[in-house]
Structure formats: C-alpha cells, structure tokens
Amino acid sequence: MRHLEEAVLDKRNRNIALTGRYGAGKSSVLDNFQKKHDKDTIRISINTLGPDDDDEDLTNRIQKELVKQLVYRLTPGKIRRSRFARPKPVTKFRAFLHALFVSVVGLGLLWVLGVRSGPGWPDAAADMPGYLVRAGMLFGLVLASLWAARWIIGDRIVSEVTTAGTKIALGEGPTTYFDSFLDEIVAFFDTFKPKFVIFEDLDRFEDPRIFDSLRELNTLVNASANRQAGNEPLRFIYAIKDSLFERLGTDPESKDEKDAEEKLKDGEELVKLGLAENVVSRPLLDLIARHTTDMRLMKNICNEFVVFAEHLLWKKKNRAPGMTADHLFALVAHKNFHLADFEAISQRTSTLDKLEQLHRDEVRTLIEGLQEQRRKRMRTEEQRDRKEATAVELGGRLRDLKDMFPSPNGYSYSSVMVDDQGYGSNAVDTMEFWECVAKSKSFSLVQNCGATVTPSAGQIGRVFPEVMSSAQWLDPDPAESARLLRQYDQDIAGLRGADSAGLASYEGVPKGRIRFDQRITEVLESELARDLVRRGFITRNYAEYSAIFYGKYVGVDVAFFYNHSVQPNEMYLDYEFTSEKAMSNLLEQVPADFMSTISALNLQVASYLLNEKPEDAKKLVAYVVTHDGKDVHAFMDAFLNTPDAPRELLIQQLTEHPWPDVFEYVAKRPGIPDEETRLKLFDTALLNALSIDVYEIGNSSRALLESSYQRLTALSQSQTAAQTERVFEILEAVELVVPDLSGLSTPLRDRIVAAHRYKLSSPNLQMALGIDVDPTLDEVRQKQSVWEFCNKRIGDYIASMDAIGPIVLTESVLVDVINEQHESWTEDQLREVIEQSSALATIQKIEAVPQLTWPLIVDAGLLAPTVTNVWAYVQAHGLTSSCLDF
C-alpha cells in the first residue's frame, strides 16, 4: 500500500501495475487504496464479455465492455455531448414539466401566429371572464393530454409516427458500439474528472494488447486540453498476474541497456534505492548480471527485491526464518525471467516443483542403495564372526548330498578336489576348505576309481550360497567395518538434509545412474535458473519464501513440509526438520486426522510421536497396519534402517495394535539392517504380544526362534507371569523343541519342562531337575513331569545316557520301574534299562518283579544269588544257560 501511494505521487507515473498471482492480495491493497481516495477513483472489473456475433477480435470486445462500464457509470443526463448520452429517467414531475413546456411553447406559438379565437368565443354573448375560463380549460386539457402522453412514452425512442396516411420519421437512437469511441471516453473523463482508474480482472482474458490500448488511451486523455489545464494527471492502475507479461525473448540492446550488466554488478541500482553496497553478495550479482542485458528488467528486479525485503527481511517480527538477502534476490530474479513458471508455484506445477519431486525421488533411491550396502556389510561381518560354524554346517550339507546321490558306477567318493588340492571327508568341515571353495567357486568329488564329478558354478551357488561371496570368508575386521558403517550413516544423514545444490554435487552416485546435476539441466528452462539452483541461491524453500505474506511463521521447514506433504497428502519420508520446536509447531498446523494419513509417514514425525505422543502414534500405527502399499513398506524399511529411530517402540505398538504379521515381518523381512536389530525387534514383539490367536506365526518365526532363542531376553530373562505365558504360547504355536534349557529363564523353563517341549539330553534333564549329578531314573522319578516325559520317550532317554553311566542306581527304583513299565515298554527298551542299571540296583528278591522280566534281570546279572531266587527262577523258566552262568 505504501509503495502504491508513493508511486502515485510522482506525476510521471501514469500507468501503474500491481502484479502478483491469483490470491496474492492485490484486491485487498486496491480496496484500501480506493477507500482512501474514494471520491477520485473509478474501479472497473470485467467478469464476462458480450456475445461475439461478428467475429471481432478479443481486444475490441474488451474495449466495448470498458466503454459500457464507463458510459453507464454516471448519472443519466450528466454527459450531454456524447453519442451514448442517456436521458434522465422520466418521473411524473419531469413528465409534467415537459408537458407544461410544450403546452406553453406550442400554444404561445399558435397565439403569435394568429391562431386564436375572439372575445365572443364560443358565442356572441360570451364575456371576457368566461372567455378566459374556457381558454384556461383548453390549456389544461392540452397540458393533461401532453403529460399523459409523455408519461406513457417514458424513455422509449419513437422512430416513426403514422396517422391518417401520414408518416413522420423521428430518426434512430444509438443501437451499436463503434470501433472508435475516443470522443465519448474523453467526454466522460472531462465530465467526471477522476484521478485514478482501477482496472481489475482484465488479465483473465489473456490479452496483453488491451493494456497497450489502455496505455495509449491514458496518453490521449492526459493530452486533452482539459487535463493539461489541471495539475493532476489521470492514472490507470492495473491488477495483473505476472504471467501475462512473460518474456518471450530479449529486446535489442539500446545504449542504455548496454550498461545494465555493469550497473547490476556494481550494485548501482540497489544503492539508488537506499541499500548498502554489500546487501547482496557480489557472486550473485555477477551471476545474474551475465544474463541481464535489459535495463528495464534489471531495475524491476531491484525494485521488487526492495518490496519483498520489507516484508521478509527487514521486519522485526515475523521475519522469514533462514532467508538471506541472496536467497530473496535470486528468487526475485528467477521470477522476472520466468513469470509464468513463478506463478505456477502456487499450484505446485512449476519447473522448480518438478525438480523438487525429482530431488525427493533421487534422495530416496540413493538412501535405499546406501542402506542396502550397509546391510550387506553387517551381514558380511556377522558371517565372518560365525564362519567356523558355517563351515561345519556346509560340510554336513555336502556329506548329506553325497549320501543322497551315490555314484551310479558303485564307487564311493574318497575325497574332494579344490584347485588341484585334495581334501579328505573330515576336512570338509574346516574353514580352510570352504575359503578355497569361495575363492575358486568350484570343487570336484573324487571317486575311488579316480573319476570325478564337478558341479557347475550355478549348482554350487544354489546349494551353497554362502560361498558365493569370498569376502565373508575373510577374517573379521571390526575397525574397517565400523568405519564403513559410519560413512554410510553420514552419507544417509547428508542426503536427507541435502538441498538441490548439495545433491547435484554428491559424488556417491552409483555408476550408470543419471546424476541430479543432469536433471537440473533437463528440467529448468534457462541457464540462469540452473546456475541459481546449482550454486545454492535458490533453495528448496522457494515456495515458502514466495508465499510468505500469509499467517504466522512456524518455521520454514514446517511450512515446506506442510505445503509438500500435508496439503497434497503425499509421503515425504526423508524430509528433515531443522528448526527449534518444529514438531510441536507442525502438529499445531496440521488437520485433526493428520496422524491417520500417509503424510505422517516421515521419519522424524513418526519418531516424535512414538517418543513424545504415544496415543497419537497409535493412529499412525493403525494407518500402517491397514494400508499394505509400497509407501508403507518403504516407510517401514527406512524407519527400521535408521539407527537413532525408536524402532522398538514402533514394533511394540504394532504388536499391541495388534498387527497379525508383525512376527513374520520381523523374522523374514530382508530390509532389517542386521541380525542384532532383527533379534531386538523380535524380542520386543514377544514381550508385548497379546493372545496368540491374533497373530500369524509361521516358518520364519520358528526358524528364528530355533536358531537364536537364547539371545532373546523374552526367553532368557525373567518376565512377568503374563509375559511368560504369552511367550510360551508362541513357542508352543511354532512347536519349538528347545535344544538347550540352560539359556532360559526359570519361569519359562518350568513351563517348557512341564509341556515336554525340550530335547532329551543329559544337560537338559539336569536343568529340568535342578541337579548337578547324572539324571538317572532315581533322580528323574523325583519330578513327575520329567518322569512322564522320559517314560514316554524312553528310547531317547536311554540314548542320551549312553556315555554317561548307569541309568538306575538303586534296587527300589529298578523294581518299581520294572513293575510299572514291563507292559508299556518294549522288551528291548526294558532290557536296555536293566542292563544299564548299576550293580547297586541288584534285586534281592526275584519275586518282587513279574516272572516275564526274570530272564532279563538274570541276563543282566542283577539278581542276588540266593537259593530262594534260584529255585524260584528254575521253577518258572527251567534250567537255562543264563541260570547256569548265574
């Protein structure tokens, strides 16, 4: 408003344009201006054009509408010398005056011309008073008749009157507009004498020529005699969108324009506007000066910079955060070179918006690549740490294959050849052997006859994928691995905060991929725009800085995210907030359902909600659970690959929601960064699990539990009774048989022992029984659940005790076992138990056990050699060789 007031003070400024895109506030400024100069201002706005019946050009049709608005604006009858002059509306009083005038003039003319009656009219007896009365009555009759006729005709124009065969033509009124109507417009302005005429909405017709016509009209009106006699010129003020005057080329240089580059470089125009010499940096001025050869354009850039700077840089309150004079000057220069493109920023369809979308996609792609490299490095280190166990596993796999596919010629395999070096069957379990295989990617099975079988590299890769990468068979290098991981994390963090200039100079682009610098060249339309972006003068906050006049500042990063993610409801996964209290400011601005939209899938936003607002985070988690698309998968992978993100909190909420696939997702998702993280997340899911019925738990969960259950705190550490029960339900659902009870917490171990879900082995039985001695049946029978398990799986129990010692130590236990199990166990199982019993378990009275088991006892030498026992045995089974040995 102030700049407009200053502009009209200069009498040389007769055509003033208030420019800006739709919605920029031009009308509000003009409203205030008109309010201040109401008596001296005419405001014209054209919404539609009349019908185009004669194929007139657009400019002429707009001119006609302007003339209409001017002509019919003033009070009827005020302009008398115009072809478009309108009479005042006919009222009863005006009709009476017209009739009176015609009556007096008409009758008076008749009187003067001698058309009158004598004193004796209408008869000889009439006296003068009577004559006057009758003459007055005649005059009144004529007056009344003319008054009625005038009132009925009103504003209508009578072109013809026909009566008694006589036609009277009165002429035609104006019915059309003329191509030239300068005299009427001049008459209008001479009569009304306005100081300002405001033209609005002319730009909607996309006809720049109408403004040339208006400028010429202004010149002619101000050149008229009446205007020159006055002190104030007529000023036309236009509200115009920027794109209407898009520069389609450059004008030939004039002697003034040749100096434009030097003046801009020296900052001369900025100094003229009262600014310090160094307000804009010299590198930026040099850059823009190379492309600015038009003095008018250069002046306009400087003037607009001052206007914008007053609102963005020089206010004590609501200054644009993070914006510098260079940023603003570069943006204004870009605006003046690309008016239509700048205007398209509000619709997010400008070339800068296209470049921003490419920036977003490029950052995501590069980060995904770095995260994949990081995962590979982590897995390589993990595999190096366990390569000895891997070698044993691969050796067993190779032996199994040899056994499954024996040689067709009947010869057995004697050795394995790798690079002309032979290895025996025992060597295939060593790291050295598989290191050689990983280097050569081949081996040959050698038969006793000397023939060889050599699988192809593809077959080896499918059966032994662990050897396809020789790097995993190198010795672990923790220092190098830590360095690489730090580098990956730094690159990822740098990409998330990178502006277009930083991304254009990023050196880690994979070979064969188009660099972002090339994208800048392809998308932006001018070399100036490309240079401004590459050198960081135009940043990603261009949209926020170009629409900064509205509302309260909450941080440019918050505004950027709102405009590019919240408003269009798009995911901006990697956007990085940098301002203080950015999250709280953002949540104050977003709609109520923000947490339930895809725009909430941002790493920082999700982290903040999980850490600070868990109730709001539940809405985000609900969105993740109910939307199975690529954006959700990308969010999950990115979040779980971010080291400082609250990953366990996310898995906790997903489990509690509940998400049925949470266990399988964590167990098998290849996007999990490393095995340690996978176990932590799976552990979190176990500890926060609800009823087993709400989850889908499959083979991936089973395999993870079997291989890593001792590394899970949900199993290895004591938990609440409810948690222990949930964990046990999951173990039961996957039918897990625990190989080693030693790594389990006591409450969970008791549940597993009671459910018989562990492998029968001597160490496990010791853990189950809580003893340090051998788990003989004497000890086993002390705990009912353990005895029931061993009784049901007696064969496995016997096998587990083979190399340990006696199974039964006392006679009482042996007698009880024989009496209880002689019908349920097989004869061989019973024999093995008796034979592996200690001599201390010798049965003193043979009749204490069933007769059918006596031969087994005698054969094992566990019957006391008493006359009573021998006699009883002979009577029952006769004199056998065993009896004779006894």
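Axes here are lines fitted to C-alpha atoms, for helices over the stretch in contact, and angles run from 0 to 180 degrees between N-to-C directions. The model is predicted, so local features need pLDDT of at least 70 and side-chain atom pairs count only at pLDDT 80 or more, while totals for chains, interfaces and linings use all residues. Residues are numbered from 1 along each chain as its sequence is written, and side-chain values use heavy atoms, with hydrogens and water left out.

**A helix pair**
- Helix 15 (residues 351–385) and helix 19 (residues 478–496) have axes that come within 10 Å and cross at roughly 165°, helices being DSSP runs of H or I with at least four residues, numbered from the N terminus.
- The two helices, helix 15 and helix 19, are therefore roughly antiparallel to each other, a label for angles over 145 degrees.
- Residues making the contact (heavy atoms within 4.5 Å) include L366 and L370 of helix 15 and L484 and Y488 of helix 19.

**Nonpolar cores**
- A nonpolar core is a set of buried (under 20% relative accessible area, 1.4 Å probe, protein chains only) Ala, Val, Leu, Ile, Met, Phe, Trp, Tyr and Cys residues joined through side-chain atoms within 4.5 Å.
- The largest such core has 112 residues, and F635, L715 and Y797 are among those with the most contacts inside it.
- Helix 28 (residues 630–640) gives the most to this core, with 7 residues.
- Another core, of 54 residues, lies apart from it and includes V280 and F308.

**E200**
- Found in strand 5 (residues 196–200), E200 counts as buried at 10% relative accessibility.

Key
Buried < 20%, exposed > 50% of the residue type's maximum accessible area, 1.4 Å probe, protein only. Parallel < 35°, antiparallel > 145°, perpendicular 65-115°, else oblique.
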